[in-house]
Amino acid sequence: MDTKYYKIEEVATITGLTKRTLRYYEELELIIPKRTDASYRLYSEEDIENINRIKDLRESLGFCLNDVKVILDLEKDFKRIFKENLKDDIMINKSINLIKKQIISVEEKELSLGKSKEKFKIALAKLEEFHRTKQEE
């Protein structure tokens, strides 16, 4: 089965990102699209999945691009370790340490989000009470 490739304009439309953002992600090596002989970028379905993963990590979960790069690199290393049954202790230990750091980072984000959530709950309760008393006047 032939792999379908998409031009940058199509990927921008599909993902809702700008062509400039896609080029920037490539510059940071978050994605590495295939190139034609004329140097046009061609994106595979897997590239588009990775772009959507980056978008989700940034927008929904609030990770910075450096964290996104670490996460994507970890995922690649993780898959490679198991797919190739690697016994490279240095790579495995590096991955273990990075995963531990990411767990701490996620826990910190969780704590911060929990605090924000509580503040919003208090603000909502105050506004609802204020609104209720104004309607009773």
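Q: How many residues does helix α5 have, and how far does it reach from its first C-alpha to its last?
A: This is a predicted model. In it, α5 covers residues 89-136, which is 48 residues, and spans 70 Å from first C-alpha to last. That's close to the 70 Å expected at 1.5 Å a residue.

Q: What's going on at the start of α5?
A: A side-chain oxygen of Asp88 comes to within 3.1 Å of the backbone nitrogen of Ile90 there.

Q: Which residues of α5 are buried?
A: Met91, Ser95, Gln102 and Ser105. The buried residues of α5 pack against α4, residues 65-83.

Q: Why does Gln102 count as buried?
A: Its relative accessibility is 13%, and buried means under 20%.

Q: And what is Gln102 in contact with, leaving aside its neighbours within four places in sequence?
A: Phe63, Asp67, Val70, Ile71 and Leu74.

Q: Ok, so how do α4 and α5 cross?
A: Their axes come within 10 Å and cross at roughly 140°. That makes α4 oblique to α5. The crossing is left-handed.

Q: Which residues make that contact?
A: From α4, you've got Asp67, Val70, Ile71, Leu74, Asp77, Arg80 and Ile81. From α5, the list is Met91, Ile92, Lys94, Ser95, Leu98, Ile99, Gln102, Ser105 and Lys109.

Q: Tell me about α4 itself. How many residues, and what's its reach?
A: α4 has 19 residues and reaches 27 Å from its first C-alpha to its last, close to the 27 Å expected at 1.5 Å a residue.

Q: Which of the α4 residues are buried, and what covers them?
A: The buried ones are Leu65, Val68, Ile71, Leu72, Leu74, Asp77 and Ile81. The cover includes α2, α3 (45-59) and α5.

Q: What follows α4?
A: Asn85 comes after α4, and its phi is positive, near 50°.

Q: Switching topic: at what angle do α1 and α2 pack?
A: About 105°, with the axes 9 Å apart. α1 is residues 8-15 and α2 is residues 19-27. The two helices are therefore roughly perpendicular to each other.

Q: Which residues make the contact between those two?
A: Ile8, Glu9, Val11 and Ala12 on the α1 side, and Lys19, Leu22 and Arg23 on the α2 side.

Definitions and conventions:
Residues numbered from 1 in each chain as written. Predicted model: local features only at pLDDT ≥ 70, side-chain atom pairs only at ≥ 80, totals over all residues. Heavy atoms only, no water. Helix = DSSP H or I, 4+ residues; strand = E, 2+ residues; numbered from the N terminus. Expected span 1.5 Å × (residues − 1). Buried < 20%, exposed > 50% of the residue type's maximum accessible area, 1.4 Å probe, protein only. Contact = heavy atoms within 4.5 Å. Polar contact = N/O pair within 3.5 Å; in protein donor to acceptor, adjacent residues only side chain to side chain. Axes fitted to C-alpha atoms, helices over the stretch in contact; angles between N-to-C directions. Parallel < 35°, antiparallel > 145°, perpendicular 65-115°, else oblique. Left-handed = near helix turned anticlockwise from the far one by under 90°.
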